[in-house]
Amino acid sequence: MSNIAGKAYAINVITPIRWWTGWLNKLIFWFAIKIPKTLNGLITLSLIHYARWVIVGRDQFPVLSPDQPKENLRYSYMLFFSNFNGSWEQYVDSFTFAIPSGLDMFWKWNIRYPKSVPLTPFHDYIRYNQIQTDHYYNAYPMAASNDVKSAKKLHLALMDFDARLDVQASDEAFQKSFFKLLRDLQHDMATMRHTPIVSMAAESVQIRLAADRVRRETLTLE
Amino acid sequence: MNRNKSGNAYALTMLCPIKPGVKDNRIYADLIRDQLESWNLAPVSPLAKVPNTYLCRFFVLDDIYTESLPGASIWDALSDLSIIPSNKQRLAALPHTDSLKSRYLVFTSNLYGDVDAYLAGMWQYMQDDVKSIWQYCYGFEDVVDAVGFKAYAKKCCMDSSLFFVGSNDDSLADQLKALYIKQEFSRFAQETQDLSAPELKLAYTAFMQRVKPRDISSPTWTAGVSNAGFDK
């Protein structure tokens, strides 16, 4: 099991929804796409890399072989997958505190959804319906979502600064313009480091490699 | 409108039914789990070989779950109107519980660009790994090449209702280069704080020649490597 890869956490929540309210939910998502300002609250949660909602109809589970039994389900299912930075509690609580009504809008029609406030029943609901990830891959384990965004800004600003640079200018003039660049980018600069536990998987690898090293050294001595 | 796309980013969601077989006293779903667990112990995930994968995950869905605690629906409230509800009323207020007939391998990927090219890349760069887990799934027995894998994957694909991109939809190469530049430039700014103006200008010129901000391919971070740019 590995819900964590570097600074990212993978959450999978699968919740039942009546087939006809499933269509209603699809309509709500459609409106959210058509009227982007409905997602403004979500944008404030800058800890998210990528997130998606998928509604699988009760008769939409894939059937790939005549030997495979067809599902016979009462409910459709809403699948929520998110990639975020920080801990489970930080993420779930940030939803509750930052966009409680948005959260209720997306989950309102799901069976036994207790609403986002108060917190404890909401935690219980998410925990009950969360499925653990078996393998999680992150292309940039050291970077948070905010690092990806600020890195783009910094990269573009540096190229722009370099393109505008007057090579004939004095050293002092260069220093002045460079300091201005640093001031403009001060919110985007930071070295990225390992979190205390990069990932359970990575930590396991480190422990195993260390054990292998000790074993090899012991064999050499013998 | 393709709701799996947000700009250049694509949300791939696959639900792949697993056969109910047993091998060496272990069910196929657990053999898939074993394989995925072995990837967790590898220094780098095989997914790092597939171009343009931002973040992706695998898990085995054994069944679906329905919480039976009261929620916030009108039926839950109405069931409490009686002063002493009967057992029948209490039980009627509980939700129906579904159960799956097959287990499913769930694969979701957040990727850049065209999904067909991505699936072809999966086959090209991690074919053996793909076979090692999907061999236990219904319908995969006919897959022998990239075209077959794409056709199989399309049958398992589920459309997103909403795909939210919280970071950006640049190509992975662009993202990795930008992160490399951020790391190096932040360090450069820190290390050159006490330099005089002539020294700073010289250091800056050398820095720009070293990091090559306009060359996306190199130097840059390596996808999936957890110490990228740190242990220099």
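**Entry 1: where the chains touch**

I looked up the contact first (heavy atoms within 4.5 Å): 105 residues from chain B and 105 residues from chain A take part. This is a predicted model, in which local features need pLDDT of at least 70, side-chain atom pairs count only at pLDDT 80 or more, and totals for chains, interfaces and linings use all residues. My other housekeeping note is that residues are numbered from 1 along each chain as its sequence is written, chains are lettered from A and ligands numbered from 1 in the order in which they are written, and side-chain values use heavy atoms, with hydrogens and water left out.

Next I noted the buried area, meaning the accessible area (1.4 Å probe) that two parts lose on being put together, summed over both. Between chain B and chain A this is about 9,200 Å², and carbon and sulfur atoms give 64% of that. B:Arg57, B:Leu162 and B:Phe164 supply 9% of the area that chain B buries against chain A, more than any other three residues.

**Entry 2: polar pairs and charges**

I found 47 residue pairs in polar contact between chain B and chain A, both residues being at pLDDT 80 or more. A polar contact is a pair of N or O atoms within 3.5 Å; within protein, one must be able to donate a hydrogen and the other to accept it, and residues adjacent in sequence count only if both atoms are side-chain atoms. On the side of chain B that touches chain A, helix α6 (residues 172–191) of chain B gives the most, with 14 residues. My helices (H or I, at least four residues) and strands (E, at least two) are DSSP runs, numbered from the N terminus.

How many salt bridges cross the interface of chain B and chain A? The rule, a side-chain nitrogen of Lys or Arg within 4 Å of a carboxyl oxygen of Asp or Glu, finds 5 there. Over all chains, the structure holds 17. One crossing pair is A:Asp171 with B:Lys201, whose closest N and O atoms are 3.9 Å apart. This pair runs from helix α7 (residues 171–184) of chain A to helix α7 (residues 197–211) of chain B. I also wrote down B:Arg33 and A:Asp134, whose side chains meet in a salt bridge (3.9 Å, N to O).

**Entry 3: sheets built from both chains**

I followed an open sheet of 5 strands with antiparallel pairing, in the order β1(A)-β2(A)-β4(A)-β3(A)-β7(B). Two strands pair if DSSP finds at least two bridges between them. The edge strands, β1 (4–5) of chain A and β7 of chain B, each pair on one side only. Strand β3 (residues 48–56) of chain A and strand β7 (residues 162–165) of chain B are joined by 4 bridges. Within that pairing, A:Arg52 has B:Phe163 as its bridge partner, and A:Tyr50 has B:Val165.

Another open sheet has the order β5(A)-β5(B)-β6(B)-β2(B)-β1(B), again 5 strands with antiparallel pairing. Here β5 (135–138) of chain A and β1 (5–6) of chain B stand at the edges, each with a single partner strand, so one side of each is left without a neighbour in the sheet. Strands β2 (residues 9–18) and β6 (residues 103–112) of chain B share 10 bridges, and B:Pro17 stands opposite B:Tyr104.

Most residues other than glycine have a negative phi, and most peptide bonds are trans. I found a cis peptide bond between A:Val117 and A:Pro118, with omega about 0 degrees. A:Pro118 lies in the loop between α4 (100–107) and α5 (119–129) of chain A. B:Ser218 and B:Pro219 are also joined by a cis bond, with omega about -10 degrees. B:Asn52 is not a glycine, yet has a positive phi of about 70 degrees.
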